[in-house]
Amino acid sequence: MLGRVLCTVLLVGALPSPAGASQGHISVILLGATGDLAKKYLWQGLFQLYMDQVSSGHSFTFHGAALAAQEVGQRLMFDVLKELSCPPDEAPNRCAVLKDQFLKLSQYHQLKTAENYTALNREIETLLGQEGLKEAGRIFYFSVPPFAYTEIARHINSSCRPPAGAWLRVVLEKPFGHDLDSAQQLAAQLAGFFREEEMFRVDHYLGKQAVAHILPFRDQNRQFLDPIWNRHHVERVEVVLKETVDAKGRTSFYEQYGVIRDVLQNHLTEALMFLLMELPANVSSAQEVVQHKLQAFQSLWGLERSSAVLGQYQAYDSQVQEELQEAPGYVSTTPTFAVCVAGVLVRSSSLRWDGVPFLLTSGKALDERVGYARVLFKNKAYCPQSGTLRDAGHSHCKPKQIVFYFGHGALHSPAVLVSRNLFQPVMPRDSWREAEAGSEPHVFGQPLSDFHVYRPVRERDAYSVLISNIYHGRKDSFITTDTLLASWAFWTPLLDSTARQPPRLYPGGVDNQQLLDFEMVSGGVAFSVPEPAEVLSPGGQMPRDFRAIQSKFRQSPLVSAWAEELISQLACDLEEAALSSVARSGQFHLALSGGSSPAGLFQRLARHHFAFPWQHTHVWLVDERCVPLTDSQSNFLGLHRHLLRHVRLPYFNIHPMPVHLKRRLCVEEDGGAQLYADDIVALVANSSFDLVLLGVGTDGHTASLFPHSPNGLEGAPTVLLTESPVKPHQRMSLSLPLINRARQVFVLVLGKGKHDITTLLSRVGHEPRKWPISGVSPSSGQLVWYVDYEALLG
């Protein structure tokens, strides 16, 4: 076969000779060769690659693979290949020759067993040996469900790798997990078979020409953008993907993933990162781009339930019932529309975006099909004369914006638009051309004549772009393991907090009218129009999970709600306590526990409570692990990351525990515990904190006071070293008597994992040696329990 291939290739000018001059042979194996994605995009993309590279010096073979038997799979595959087309500018004669040759280069394989992979490897080696060709590399494109990835990866790694000196490139399609845990698990499994540089995770939006040009645009227009690409000049940023189609035919996928996982976590987040990240010195360096992306992720505020509004088009439930054969009356809470504020207060070390809202919006069954990333600049000008009489390039009153238009919509193609009253951008002439303003529709309420409009010289399908980048080994258009996990770490808390939130129903299409309009409220988003009320019909049932919640827990006041509402209430109560204390004494001494539970509280305080008297607040730690303060397990580092770096707290009002002295950790002779105790005596009146926030461990410990440990439960000292049953074992902690001297003590308990200890504590008495938390009983009597429904009810 290859002999015929090379002879034909010579006819179209590919190689000067069939042997010796070749740069090597590339085998492309498309797994899932008869599936929808392969039919719609991948085979056409591979054909485009062949047309582009036929004269590169490489020879090719294309292997379609699937589970179907040989005869059936071959027929299905060649039905697709016969429909392949050439670009309009390709000469018909050359197109016919190339298409005929591509079909001869392509063959089908059933890949179902380990033996099938071994046979494929043997066939590739035999063909190359017969033609005397050196192997350059192999591309395995996984157009299969992710649950099949691990088994296929095992077969490739064990019996289908190319020989030494040739490269392997494995292409993976999303979804890459459905939350952080599943993404970590899949990443770990794949890392057992492939190196990071061998994996190319596809997000096809990175192949869209307007998206791919965001970083180059910023780089080529630094002189214009550097002064204005910041919070002082940018009003807001929008990344939008709207669809007119619904989820019909994809409800099985949507029931598992929903719109946030399907679109926002990947496509829109990737575009957001290109806008948000600091610009690398070399935008062509994949390593630098990844590094700056990760830094941008670290600057993002965590998303809360109030960060999103969710909707679902009305026909979705009936489509799920029909396609998945669910029982009549089945109700899905899967969102098909979502708006998320990716940090109303997005912060970075440079404070570039402090206070700028980044809005991510996507939905199905909407009024139009369009996608874009839009940067809207502030406009402080007031123009007494009519703006309609002014030239757009000189009118300060017209909106100023930069739009990266992904396609479809009013323009029907990718484009970059820059308001004429901003600047005329630098654009690469070989790939983008300025379009003349004609009688085309308005965009964002403005005529196209108000913009410099640039369109691609040659419009290319996203998959063709990405397949070309895979061939060239360009990693900057693909998702790395690190950026994937960073994205899931950002989105998973929102997915968890909205899992039970019923979405707003909307009719779909133009009938949605203002029902999905939203506005920014108190650091989050909310629908502008109240949801239409639904009256419970006669005979309608009350919720089955209704249970009465008592207002007391262990004879102390109890506040209970779903986690996010509970955190919101706790933050309000903390602010009220702080204001009251400052009014009374001029200062507020607050001792905070570490761990994961209060992280959401810290974020809430920094993000929503601008009246909090931070200038008069002293922040202390309830306990600390004996690790350097820069260690990821340090309570102080978590407190700093989620709260301290985002509020204006006087430097001398921050009191980390001195666990690291003389380059040693928690050595008793260094006297760190006594130093902390002395500071408390010197600064806190009567050593009585105004408020102490505690948590509860699953074993009943509080602070770092653990069961069956007599230290710290009574008498002196007020600060001590303790021993934890889990690593790191050494801790520093406030003593129980010191905690009980506080004016107020709040105890925060979150999550289903705390249900068993919460139930047990509701029954036990005062047994601090066995259950240290049971010994918390401030002399003031001001103890309040904040327990969410999952911890309380299971």
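Which residue is the bridge partner of Leu 721 in β29? In this predicted model, local features require pLDDT of at least 70 and side-chain atom pairs count only at pLDDT 80 or more, while totals for chains, interfaces and linings use all residues. Residues are numbered from 1 along each chain as its sequence is written, and side-chain values use heavy atoms, with hydrogens and water left out.

The bridge partner of Leu 721 is Met 732 of β29. Strands (E, at least two residues) and helices (H or I, at least four residues) are taken as DSSP runs and numbered from the N terminus. Two strands are said to pair if DSSP finds at least two bridges between them. Strand β29 covers residues 730-734 and pairs with β28 in the antiparallel sense over 5 bridges. Within this pairing, Glu 723 lies opposite Gln 730 of β29. The two strands β28 and β29 form a hairpin, with 6 residues between them.

Strand β29 also pairs with β23, again in the antiparallel sense, over 3 bridges. Here Asp 623 stands opposite Ser 733 of β29. Of the 5 residues of β29, 4 are buried (under 20% relative accessible area; exposed is over 50% and partly exposed in between, with a 1.4 Å probe and protein chains only). Strand β29 is therefore largely enclosed by the rest of the structure.

The axes of α7 (residues 180-191) and α15 (residues 481-497) come within 9 Å and cross at roughly 165 degrees. These two helices are therefore roughly antiparallel to each other, given that angles over 145 degrees count as roughly antiparallel, those under 35 as roughly parallel, 65 to 115 as roughly perpendicular and the rest as oblique. The contact involves Leu 180, Ala 183, Gln 184 and Ala 187 of α7, together with Thr 481, Leu 485, Trp 488, Ala 489 and Thr 492 of α15. By class, these residues divide into 6 nonpolar, 3 polar and no charged; Ala, Val, Leu, Ile, Met, Phe, Trp, Tyr, Cys and Pro count as nonpolar, Asp, Glu, Lys and Arg as charged, and the others, Gly among them, as polar.

Helix α7 also meets α6 (residues 149-159), the axes coming within 9 Å and crossing at roughly 10 degrees. That angle makes α6 roughly parallel to α7. Tyr 149, Thr 150 and Ala 153 of α6 meet Leu 186, Gln 189 and Leu 190 of α7. This contact has 4 nonpolar, 2 polar and no charged residues.

Terms used:
Axes are lines fitted to C-alpha atoms, for helices over the stretch in contact, and angles run from 0 to 180 degrees between N-to-C directions. Contact means heavy atoms within 4.5 Å.
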